[in-house]
Amino acid sequence: MELKYFYKNRIHFQLAFLMFLFVSCKHDIGKLPKPISGNSNTVVISECGDLSVVSYSTQIQPIINLKCVSCHDASTGIKLYNYPNLVLYANSGQLVGCLNGNGSYLQMPPTGSLDSCTIKIIASWVQQGKLNN
Ligand code: HEC
């Protein structure tokens, strides 16, 4: 008789404990940090400088000249040395795809990926409509 009572109470206790876990977990979810507010531009500005309007002539072309044109000049199959040719590869998705080295495209440069801010500069330029500015 006493043993039965003990087990009955134990089940009550276990149920109460489960409820407690459930409630405390729900409570924890409420305490998770909120996502960083502001749009993606705000985040980019703080990490890599002002990327609000990326310039082809002062930012993109110098990067491409320095990092890509040794293998992609006017004499090669994939030409990246001037604006109209670079835009072809930006439009196809190959330009940003190869910088990210995600497996769908060859990793470029083949010797190792550019630093993350340089990739962001190029990706922002593409996102902003590949301005010839
Ligand atoms: C050391 C030489 C070398 C450098 C530097 C280099 N590439 Fe390449 N790239 C190649 C070779 C080789 C291929 C293979 C295709 C081809 O050229 O025929 C290629 C292919 C590509 C392709 C096509 C990739 C695909 O999978 O469709 C793109 C786009 C490209 N390169 C962009 C770049 C960019 C942008 C840079 C600079 C950040 C760069 N490359 C730097 C040698 C190079």
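Reply: Happy to. Leaving aside neighbours within four places in sequence, I60 is in contact with V54, I122 and W125; two residues are in contact if their C-beta atoms, placed from the backbone, lie within 7 Å. Before going further, a word on the source: this is a predicted model, where local features need pLDDT of at least 70 and side-chain atom pairs count only at pLDDT 80 or more, while totals for chains, interfaces and linings use all residues. Residues are numbered from 1 along each chain as its sequence is written.

A residue is buried if 20 or more other C-beta atoms lie within 10 Å of its own, exposed if 12 or fewer, and partly exposed in between, with C-beta atoms placed from the backbone. By that count, 13% of the 133 residues of the protein are buried.

Now the wider fold. The protein has six helices and zero strands; helices (H or I, at least four residues) and strands (E, at least two) are DSSP runs, numbered from the N terminus. Among contacts between residues at least 6 apart in sequence, 51% join residues at least 24 apart.

Between α3 and α4, the loop holds I78. I78 counts as partly exposed because it has 15 C-beta neighbours inside 10 Å. Not counting residues up to four places away in sequence, I78 touches H72 and Y89. The C-alpha atoms of I78 and Y89 are separated by 8.6 Å, with the two residues eleven apart along the chain.

Further along, P109 sits in the loop between α5 (94-100) and α6 (116-127), and the peptide bond from M108 to P109 is cis, with omega near -10°. M108 is also one of the closest residues to the ligand, together with C68, C71, Q94 and Y105, in a shell of 18 residues. After α6 comes the segment with K130, which has a positive phi of about 50° although K130 is not a glycine.

Terms used:
A residue is near a molecule or strand if its C-beta atom, placed from the backbone, lies within 6 Å of it.
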